[in-house]
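Here are a few notes to go with your first look at this model. Have it open beside you as you read.

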Amino acid sequence: MKIDPELCIACEACIVYCPMGAISMQDDVAAVDQDECVECGICLRSGSCPVDAFVEEKLPWPRQIRAEFSNPLVPHHSTGGGGRGTEEVKTNEVTGRLKPGWLALAVEFGRPVTGARFRDVDTVAQALAKVGVTFEPENPVTALMADPKTGKMRDDIMNEKALSAIIECVFPREKAPEVLKTLQEAVKKIDTVCSVDLADLVQPDESVAAEKMLDEMGIFHRINGKNNVGLGRPRYKGGD
Amino acid sequence: MTHTLHRSGTEESLRGDFVFLFMTAKGYNTADSGPKFKKFFEIAKKNNAVNMGDASFGNQFTKGFDNILGNIKKDYMTAVHAVFDNEEDAARMLKDVKEADMGLSLVVSGIFDRVKGMCQNHGIHRHAATYSLGIWGKTEKLPPDEVLNVITMCGHGMISAARVNAMADEVRAGRKSAEDAAKELASQCDCGIFNPSRAAKLLAAMAK
């Protein structure tokens, strides 16, 4: 996103809308720091500019991925979908993606507030790949990997920044302690934050094995979370 | 998409925060889904939803309820949302959606014990649960909890910390009510999962 300096009246109304703090006053007009801007479009959609000074240009590769990951209304060129991740377990009673005995992990870089460079995604993805996770093939981060077996991201996107980007992967339940410990070590090497989540199937007695495992490992989890209540149809084969 | 997860706050505050997500599974049940999404919104409105939105279109504060319904196509692939600020309305919503028997996937985000209780009361066995393990990495870059508790209600990060602080300043100065400030923030969350009722309470507390 850019601001036309000839139109800007220096009212500063747009500055607080930018989640990356990328808008500032330069030479008495508002300007967007192009390195920090994640092309989320919030400034434009806020309607805060009284003179329509924002200029939204067609983004070249690889900058276009900033908008794809940061603006929920822009679909990914790789998957055709919007947002940052996939249906994951939200439709699992229909798709059967997550099987009994497996867990699904999501690591959402840059959320909340900080944004993230793909070089940080690369650091963690390569660490997770070494302990044998399987990256979700329909996830747009996976689509940007040079090699989904190693977790290596494409070299030409490493410095691109997004409001957030999500690694989604699955692994057998018995690997969970190794995967989570690897993640704990890998995030020490990144220059941003990540929100982490773990999904599991609910047992017939309403218990969730992952919750017990997290407690035994001493890993914090919030009291609130997501519940797929199982109303979708058709049920996947073996899902009844 | 983990946008309805990772909402931070105290247990007391989170007792007034339930998000319903209703969606198609790509390649399975998109045919004739449009009327089901419309039905979902009508049920949500009847049960006093404090926010509603379509991830592909926008929220009630920017688009309006009628336009959200009008944009829905016959075979429509999307995720729609409704937010409730109390357990009673959320429980009625769950019961009504189950009885409407529409066959799309429903995800309810909220305090696990409360959602689990609602499900059991209505004979629903949950299929899967997703746990937030919190925020890892360079957490020193984060703003204070009072700001995080507001901005984590927009899972796509559309609401800046600066904007939350500015709204709290407006409330403190008496230029806006907490309710109006919360609705302004809600308009920036395109999916419609921001809870303006809870946000008004949080902004009022920040403004003290």
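This is a predicted model: local features need pLDDT of at least 70, side-chain atom pairs count only at pLDDT 80 or more; totals for chains, interfaces and linings use all residues.

1. Domain 1 of chain B puts 17 residues into the contact, and domain 2 of chain B puts in 14 residues.

2. Which strands of chain B each supply at least two residues of the side of domain 1 that touches domain 2? They are β2 (51-54), β3 (58-59) and β4 (79-84) of chain B. With three residues, β2(B) gives the most to that side of domain 1.

3. What about the class of the residues there? On the side of domain 1 of chain B that touches domain 2 of chain B, nine residues are polar, six are nonpolar and two are charged.

4. Now over to chain A. You can pick out seven helices and 13 strands in chain A. Along the principal axes, the C-alpha atoms of chain A fill a box of roughly 65 × 40 × 30 Å.

5. Last, the packing of chain A. Chain A has 240 residues, and 50% of them count as buried. As for its contacts with a separation of 6 or more, 73% are between residues 24 or more positions apart in chain A.

Terms used:
Residues are numbered from 1 along each chain as its sequence is written. Chains are lettered from A and ligands numbered from 1 in the order in which they are written. Two residues are in contact if their C-beta atoms, placed from the backbone, lie within 7 Å. Helices (H or I, at least four residues) and strands (E, at least two) are DSSP runs, numbered from the N terminus. Ala, Val, Leu, Ile, Met, Phe, Trp, Tyr, Cys and Pro count as nonpolar, Asp, Glu, Lys and Arg as charged, and the others, Gly among them, as polar. A residue is buried if 20 or more other C-beta atoms lie within 10 Å of its own, exposed if 12 or fewer, and partly exposed in between; C-beta atoms are placed from the backbone.
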